[in-house]
Amino acid sequence: MARLTIIKQDNPLIRKHSKPVEDFSPRIHTILDDMHETLLHANGIGLAAIQVGILYRMAIVMTQEHGTLEIINPVIKTAKRQRTDAEGCLSCPGISGRVRRPHFITLEYQDRHGKKHTKDFHGIDAVCCCHEIDHMDGILFIDKIEK
Ligand code: CO
């Protein structure tokens with residue numbers, strides 16, 4: 001495994017849209033393994049592939065309810081009960097702010113083998129998933145900070 005460089009908000013790449021993963025190949029597995037190492041070293045709770053310069057719709061989320069998950073091609077099927085809470089981002093060091101997000105989501109996603117899953121996420125787990133999915137569309141939490 002290798003530790004990857006996390007790109008910051010001033011890198012134009014962070015604003016790109018990521019593309020779906022179609023080929024669940026060993027190359028994808030290697031990227032995910034490297035992302036795990038990168039996330040652990042950075043002391044974060046979530047990391048999207050675009051943050052290491054790879055434009056695929058995949059992320060790692062460290063959840064309270066389901067442990068550490070790889071979410072690939074995620075789609076939010078249900079979102080309920082908005083709440084506002086503090087957030088930060090490994091690509092925006094030194095910045096935090098309050099963002100409005102759903103408190104509950106149902107997420108459809110694939111694992112590294114292409115198998116489909118549907119899971120419910122609550123509280124900070126839901127926030128983390130929504131934050132990482134925003135990255136896949138070039139959106140940063142700083143765009144959404146409540147004034
Ligand atoms: Co982030």
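Residues are numbered from 1 along each chain as its sequence is written. In this predicted model, local features need pLDDT of at least 70, side-chain atom pairs count only at pLDDT 80 or more, and totals for chains, interfaces and linings use all residues, while side-chain values use heavy atoms, with hydrogens and water left out.

Five strands form an open sheet in the order 1-2-3-4-5, with antiparallel pairing. Strands (E, at least two residues) and helices (H or I, at least four) are DSSP runs, numbered from the N terminus. Two strands count as paired if DSSP finds at least two bridges between them. Strand 1 (46–48) and strand 5 (116–122) are the edge strands, each pairing on one side only. From one strand to the next, the twist averages 30 degrees. Strand 3 (residues 67–87) and strand 4 (residues 97–110) pair in the antiparallel sense over 12 bridges. Arginine 83 stands opposite arginine 101 of strand 4.

Helix 1 (residues 26–42) packs on the sheet and touches strand 1, strand 2 (58–63) and strand 3. Contact means heavy atoms within 4.5 Å. The direction of helix 1 makes about 40 degrees with that of strand 2. Axes are lines fitted to C-alpha atoms, for helices over the stretch in contact, and angles run from 0 to 180 degrees between N-to-C directions. Helix 2 (residues 123–136) lies across strand 1, strand 2, strand 3, strand 4 and strand 5, and runs at about 85 degrees to strand 4.

The cobalt ion has Cys89 (SG), His131 (NE2) and His135 (NE2) as protein donors, 2.1 to 2.2 Å from it. Donors are N, O and S atoms within 2.8 Å of the metal (3.2 Å for Na, K and Ca); water is not among the atoms, so sites may look incomplete. Along the chain the donors follow the spacing C-x41-H-x3-H. Both histidine 131 and histidine 135 lie in helix 2, four residues apart, about one turn of the helix. Histidine 131 is buried at 7% relative accessible area. Histidine 135 is buried at 0%. Buried means under 20% relative accessible area, exposed over 50%, and partly exposed in between (1.4 Å probe, protein chains only).

The largest nonpolar core has 16 residues. Such a core is a set of buried Ala, Val, Leu, Ile, Met, Phe, Trp, Tyr and Cys residues joined through side-chain atoms within 4.5 Å. Val61, Leu69 and Phe121 are among the residues with the most contacts inside the largest core. Helix 2 gives this core its largest share, six residues. A second, separate core of 15 residues includes Ile6, Met35, Ile54 and Met58.

Nine salt bridges were counted, each a side-chain nitrogen of Lys or Arg within 4 Å of a carboxyl oxygen of Asp or Glu. Arginine 57 bridges to aspartate 137, with the closest N and O atoms 3.0 Å apart. Arginine 57 lies in the loop between strand 1 and strand 2 and aspartate 137 in the segment after helix 2, so the pair ties together parts 80 residues apart in sequence. Aspartate 134 forms a salt bridge with arginine 101 at 2.8 Å between the closest N and O atoms. This pair links helix 2 to strand 4, 33 residues apart. Aspartate 134 and arginine 101 are both buried. Glu87, Arg101, Asp134 and Lys144 are linked in a network of salt bridges.
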